[in-house]
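Visitor: Could you walk me through this one? I'd like to go from the overall fold down to the details.

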Amino acid sequence: MQEIERKYLIDNESWRKDVVRSMRIAQGYLCSRRVTARVRMCDDRGILTIKGKSRDGGLSRFEWEREIPHKVAEHLLQRCKGVVDKVRHIVEYEGHTFEVDEFKGDNEGLIIAEVELSSRSEIVALPPWCGDEVTGVRCFYNSFLSKHPFRSWR
């Protein structure tokens with residue numbers, strides 16, 4: 001499956017009034033070189049994801065995802081260095097679903113919105129709370145944040 005998405009920094013807090021649901025996510029990386037293997041606990045679900053190398057300036061990449069038993073995900077997460085902790089808020093805006101990740105712990109203060117697209121050329125109306133686009137900017141990848149937390153950037 002091909003994942004096509006754009007990422008934006010959040011400009012203000014006005015997105016909060018439009019949240020339709022939220023979930024706590026803890027995710028760690030088993031490897032993150034040419035291919036990224038990620039384990040995630042999303043509320044009470046375990047998820048294993050394999051992602052390929054980014055293409056098109058970070059706009060698209062291969063993604064394979066499967067649900068795994070909760071206990072297996074917990075076991076794998078304990079073996080990861082630098083687990084990323086965040087709350088994902090789902091916000092609907094003009095026919096698109098934005099996933100707003102509000103980072104916690106060592107990445108506190110960073111808030112990023114992602115929107116998945118059906119094609120590379122799809123045009124998306126951006127909400128007024130979207131700021132600078134950071135699609136393809138490596139330091140905003142979760143795998144990077146797991147090793148180089150946002151708090152250490154200052």
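Visitor: How many helices and strands does the protein have?
Guide: This is a predicted model, where local features need pLDDT of at least 70, side-chain atom pairs count only at pLDDT 80 or more, and totals for chains, interfaces and linings use all residues. Residues are numbered from 1 along each chain as its sequence is written, and side-chain values use heavy atoms, with hydrogens and water left out. Helices (H or I, at least four residues) and strands (E, at least two) are DSSP runs, numbered from the N terminus. Along the sequence they read β-β-β-β-β-α-β-β-β-β-α, which comes to 2 helices and 9 strands.

Visitor: Trp153: where is it found?
Guide: Setting aside neighbours within four places in sequence, Trp153 is in contact (heavy atoms within 4.5 Å) with Cys139, Phe140, Phe144, Leu145 and His148. Its C-alpha atom is separated from that of Val115, 38 residues apart along the chain, by 25 Å. As for its place, Trp153 is found in the segment after helix 2 (142-147).

Visitor: And is Trp153 buried, partly exposed or exposed?
Guide: Buried means under 20% relative accessible area and exposed over 50%, with partly exposed in between (1.4 Å probe, protein chains only). Trp153 has 32% relative accessibility, so Trp153 counts as partly exposed.

Visitor: What share of the residues in the protein is buried?
Guide: The C-alpha trace spans about 40 × 30 × 30 Å along its principal axes. Of the 154 residues in the protein, the buried ones make up 46%.
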